[in-house]
Amino acid sequence: MENARPLPSYLVQRYHGWKATTYAENHAWYERLATEGQRPRAMVISCCDSRVHVTSIFGADQGEFFIHRNIANLVPPYLPDGDHHGTSAAIEYAVTALKVTHLIVLGHSQCGGVQGCIDMCNGKAPQLEAKESFVGRWMDILKPKYDLVSDIEDAVEQARQFERQAVVASLENLMSFPFVASAVEDDSLSLHGLWTDIGAGGLEYYDPASQKFKPV
């Protein structure tokens, strides 16, 4: 592969700093993780957004969470068509192989993917409507929920509510996976929907009884 290049120097320096401090002070723990394998209790599906730091929010150590990140933390419907499905593969592995007991969908404020979906629904993003747009076709998963927020006039509030709907859509789609539904029904797996406000540091959970998000 001719296009591969060495790491930028700042990342090399950070690695050596980590190896000399964090790793050196906890090498027995890392060796245990390597030899005994991973046993995460929870899977977290979060956005690719670099501002969403899942392990920091929950103070998690290495090995605690099985984390999958994608655009707008979306879960597609169950579709066993023999094609490539990264998110579905991660869910299958977490539930059937790792036997996680909690599956968390974490949405967030100022989500660019969700805003892109809003723009598509309003005819303002022709580039995302193009068939070859991977982002646009991925955001099609969320499009059916737009009617629930289309009447909100304040653009900021509309986006925040649509971000929460992305979490709800993912929770609904998770239940279309037979192995997820089965695990939920026999009480070996619980689903959780969360939304975090990046600037305020707030965290909300989805309450199915009221169909609203409430502060944690």
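## Exercises on a predicted model

Thr-196 is buried, because its relative accessibility is 8%. The model is predicted. Work through the exercises in order.

**Exercise 1. Place Thr-196 in the fold and find what surrounds it.**

Step 1. Locate the residue. Thr-196 lies in strand β4, which spans residues 190-197.

Step 2. Judge its exposure. Buried means under 20% relative accessible area. Thr-196 has 8%, so Thr-196 counts as buried.

Step 3. List its contacts, leaving out residues up to four places away in sequence. They are Ile-57, Leu-106, Gly-107, His-108, Ser-109, Gly-202 and Leu-203.

**Exercise 2. Follow one of those contacts, Leu-106, and describe its setting.**

Step 1. Leu-106 belongs to strand β3, residues 102-108.

Step 2. Its relative accessible area is 0%, so Leu-106 is buried.

Step 3. Beyond four places in sequence, Leu-106 touches several residues, including Val-44, Ile-45, Asn-73, Leu-194, Trp-195 and Thr-196.

Step 4. Now look along the chain. Tyr-205 is 99 residues apart from Leu-106, yet their C-alpha atoms are separated by 9.2 Å.

**Exercise 3. In which sense does β4 pair with β3, and in which with β5?**

Step 1. Take β3 and β4. They pair in the parallel sense, over seven bridges. Val-105 stands opposite Gly-193 of β4.

Step 2. Take β4 and β5. These strands run antiparallel and are joined by four bridges. Asp-197 has Gly-202 in β5 as its bridge partner.

Step 3. Check the link. β4 and β5 form a hairpin with four residues between them. In the turn, Gly-201 has a positive phi of about 75 degrees.

**Exercise 4. Which elements give two or more residues to the largest nonpolar core?**

Step 1. Start with the core. The largest one has 23 residues. Those with the most contacts inside it are Met-43, Ile-91, Val-95, Leu-103, Leu-174, Val-180 and Leu-189.

Step 2. Name the elements. They are β1 (42-47), α4 (86-97), β3, α8 (155-174) and α9 (178-185).

Step 3. Zoom in on Val-95. Apart from residues up to four places away in sequence, Val-95 touches Val-100, Leu-103, Phe-179, Val-180, Ala-183 and Leu-189.

Step 4. Note a second, separate core. This core has 19 residues, among them Ala-125, Met-139, Ala-159 and Ala-166.

Step 5. In soluble globular proteins, nonpolar side chains tend to be buried together.

**Exercise 5. Why do the buried residues of α9 lie on the same side of the helix?**

Step 1. Identify them. The buried residues of α9 are Val-180, Ala-181 and Ala-183.

Step 2. Find their partners. The buried residues of α9 pack against α4, α8 and β4.

Step 3. Examine the α4 partner. The axes of α4 and α9 come within 10 Å and cross at roughly 35 degrees. The crossing is left-handed. Ile-91, Glu-92, Val-95 and Thr-96 of α4 make the contact with Phe-179, Val-180 and Ala-183 of α9.

Step 4. See what comes after the helix. Asp-187 follows α9 and has a positive phi, near 65 degrees.

**Exercise 6. How many helices and strands does the protein have, and how much of it is buried?**

Step 1. Count the elements. There are nine helices and six strands.

Step 2. Take the burial. Of the 216 residues, 37% are buried.

Step 3. Take the extent. Along the principal axes, the C-alpha atoms fill a box of roughly 55 × 45 × 40 Å.

Methods: Residues are numbered from 1 along each chain as its sequence is written. This is a predicted model: local features need pLDDT of at least 70, side-chain atom pairs count only at pLDDT 80 or more; totals for chains, interfaces and linings use all residues. Side-chain values use heavy atoms; hydrogens and water are left out. Buried means under 20% relative accessible area, exposed over 50%, partly exposed in between (1.4 Å probe, protein chains only). Contact means heavy atoms within 4.5 Å. Two strands pair if DSSP finds at least two bridges between them. A nonpolar core is a set of buried Ala, Val, Leu, Ile, Met, Phe, Trp, Tyr and Cys residues joined through side-chain atoms within 4.5 Å. Axes are lines fitted to C-alpha atoms, for helices over the stretch in contact, and angles run from 0 to 180 degrees between N-to-C directions. A crossing is left-handed if the near helix is turned anticlockwise from the far one by less than a right angle, and right-handed if clockwise.
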